[in-house]
Amino acid sequence: MSQRVEVTVNVGAGAPIEVLRQVIDSLDTVCQFGGELQYRAAVANAELEVLRRPDEWLSRLDFRDYFLRPDYPINRPSQLRGIAASLPRAVLAPAVSHYLAVNDPTPDTITSVERIRYSNPIEIVLGEGLLTLAGLQLARDWRDRRRVNAAVAADMENTVAARKEIRDELVRRFVEDRVPLAPAQVDDLLTLDVARAMQALGNSQLSLKELPQVDDAAGG
């Protein structure tokens, strides 16, 4: 489910438009990164769900030999991922596509702007997926991490070092939250441009406030 969050960035009174554009560009980069992560996670989850319920999603003719083994059903995600990796993509992909069509993940991969206002600070209300929110939370916490960790602070201006720090923290969070994303997928999407955007937001006075859903706020 898409989350509503208020993003506030203090850029100073009378900031030139170029500064405002840079803030928006950095937010856009981080949100697109979060949306791509969200989609990759949705695909990985679709593969697990297809293999958990093969009778519903897979052709019995194609998978009869595979799923009539004595150890079926298999419920542990690690076992299911092993099966998914061993199946031909031409066989698994149609079932995954069907699952994604029925359980459309698109709303959680797109960040929408509900409201934006500047009188200093910039205030933006966004609708976004959980993994986009995780990326913004990491950017928000960047300054605090520098205060706590002197070694991190020394390398913070080095984008390559910052990228590694961001990558390790995201992987740790995804493991804790059981997000079905492999470290290699994070590596693939976490470009230096994304790391620079997170650095820029982290070096600003960024704050986040999660908001109730519209229906909840309206009492619906």
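Proline 121 sits in the loop between strand S2 (112-118) and strand S3 (122-128). The model is predicted. A cis peptide bond joins asparagine 120 and proline 121. Its omega is about 5 degrees.

Now take asparagine 120 itself. Asparagine 120 also lies in the loop between S2 and S3. Its phi is near 70 degrees. That is a positive value in a residue other than glycine. Buried means under 20% and exposed means over 50%, so a residue in between is partly exposed.

Find it in the loop between helix H10 (159-176) and helix H11 (183-189). Arginine 178 has a relative accessible area of 76%, so it counts as exposed.

Next, follow H10 to its packing partner. Two packed helices are described by the angle between their axes and the distance between the axes. Helix H7 (residues 130-140) packs with H10 at an angle of about 135 degrees. Their axes are 11 Å apart. The angle therefore makes H7 oblique to H10. The crossing of the two helices is right-handed.

Which residues make the contact? H7 brings Leu131, Ala134, Gln137 and Leu138. H10 brings Ile166, Glu169, Leu170, Arg173 and Phe174. Sorted by class, the contact of H7 with H10 has 6 nonpolar, 1 polar and 2 charged residues.

Conventions: Residues are numbered from 1 along each chain as its sequence is written. This is a predicted model: local features need pLDDT of at least 70, side-chain atom pairs count only at pLDDT 80 or more; totals for chains, interfaces and linings use all residues. Side-chain values use heavy atoms; hydrogens and water are left out. Helices (H or I, at least four residues) and strands (E, at least two) are DSSP runs, numbered from the N terminus. Buried means under 20% relative accessible area, exposed over 50%, partly exposed in between (1.4 Å probe, protein chains only). Axes are lines fitted to C-alpha atoms, for helices over the stretch in contact, and angles run from 0 to 180 degrees between N-to-C directions. Angles under 35 degrees count as roughly parallel, over 145 as roughly antiparallel, 65 to 115 as roughly perpendicular and the rest as oblique. A crossing is left-handed if the near helix is turned anticlockwise from the far one by less than a right angle, and right-handed if clockwise. Contact means heavy atoms within 4.5 Å. Ala, Val, Leu, Ile, Met, Phe, Trp, Tyr, Cys and Pro count as nonpolar, Asp, Glu, Lys and Arg as charged, and the others, Gly among them, as polar.
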